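Open the model in your viewer and keep the sequence panel beside it. The stops below say what to select and what is there.

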Amino acid sequence: MSWSHLLLALSVVAIWGTNFVVIRWGLDGLPPFLFATLRFALSALPWLLVIRRPAVPMRKLATFGVLLGVGQFGLLYLAIQGRITPGLASLVVQMQVFFTIGLSVMLIGERVHPYQLAGLVAAVAGLGVIGAHLDATLTATGLALVLAAAFFWSCANLVAKSAGRVDMLAFMVWSSLFAVPPLAALSWWFEGSARIVDSLQAASAGVWASVLWQAIGNSLYGYGVWNWLLARHPTATVAPLALLVPVFGMGASTVFLGEALPPWKLGAGALVLGGLAIIVLWPKLRAVLARR
């Protein structure tokens, strides 16, 4: 990978990691379901007017949009609103890798390899460390919500995988449209019309910048560049860089929000990231060793 492509990849990873802090800032002015509604509305409009619909059935676009919009980000926003710190959320949500593997085994019949089980054991041990330190900044509800968000993310991954090789930027734009109605309904039901109107009227420029960052920076730029890189380099070259997402997430949360990084949190992070690293890097390492 050239230096220019590496810098592009790192820019995406940095955006995805620091995005958890941006979410926290946005939640200071908007309730979670309204925030998610606006994010996906601006991920779809006006872009679908100029980006052609991908060659994917509407059913798949709708399923992906609901799973990602409501299941992943709706629950993630709800969790980060006072139930878990953004740094820990960026780490715990990476459990989607293990959920994706489990669902692939059950629904597609893929085989589980020993190195994947080893990675799972390490990551679950890290979750155990996190679960043993519940307090006012890390609640059981927050941990459960982020794990649920990770599960729905893994379900969305399988839907995207079943779509085959398509223009993922177009896929994100058109699927985002289907996330808006259920998120808007949840906002109206749980947050109420009065709170919606008051929040929109009182939203600062910083809050709107957070919404735009979610829609354009995180969704359109992030996924667009990432898939552009995947089209030009082996997956084994690009994918390992995603391990840096929680590193940026926890680091940004410490710098900008003052989130503490006690030894137990660093240890939990090492276990979860170590488990992810085993799954992502072991096949490539084994291939290198086999050639020697």
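Helices here are DSSP runs of H or I with at least four residues, strands are runs of E with at least two, and both are numbered from the N terminus. This is a predicted model, in which local features need pLDDT of at least 70 and side-chain atom pairs count only at pLDDT 80 or more, while totals for chains, interfaces and linings use all residues. Residues are numbered from 1 along each chain as its sequence is written, and side-chain values use heavy atoms, with hydrogens and water left out.

**Helix α7**

Select residues 140-162, which form helix α7. The expected span of a helix is 1.5 Å times one less than its number of residues. For the 23 residues of α7 that gives 33 Å, and the end C-alpha atoms are 33 Å apart, so the two agree. After α7 comes G164, with a positive phi near 80°.

**Helix α8**

Next select residues 168-191, the 24 residues of helix α8. From first C-alpha to last, α8 reaches 32 Å, close to the 34 Å expected. At its start, look for a side-chain oxygen of D167 within 3.1 Å of the backbone nitrogen of L169. Where does α8 kink? The kink, about 25°, lies at A179, shortly before the proline P181; the bend is the angle between axes fitted to the seven residues ending at a residue and the seven starting there. Just after α8, G192 has a positive phi of about 85°.

**A cis peptide bond**

Go to L45 and P46: the peptide bond between them is cis, with omega near 5°. P46 sits in the loop between α2 (32-44) and α3. Most peptide bonds are trans.

**Salt bridges**

A salt bridge is a side-chain nitrogen of Lys or Arg within 4 Å of a carboxyl oxygen of Asp or Glu. By this rule there are 2. One joins D28 and R24 at 2.9 Å, N to O. Buried means under 20% relative accessible area, exposed over 50%, and partly exposed in between, with a 1.4 Å probe and protein chains only. D28 is exposed at 57%, and R24 is partly exposed at 23%. K265 and E259 also form a salt bridge, at 3.0 Å, and both residues are buried.

**The nonpolar core**

Finally, select L76 and I130. Of the 84 residues in the largest nonpolar core, these two touch the most other members. Helix α3 (residues 58-80) gives the largest share of this core, 12 residues. Such a core is a set of buried Ala, Val, Leu, Ile, Met, Phe, Trp, Tyr and Cys residues joined through side-chain atoms within 4.5 Å.

Methods: Polar contact = N/O pair within 3.5 Å; in protein donor to acceptor, adjacent residues only side chain to side chain.
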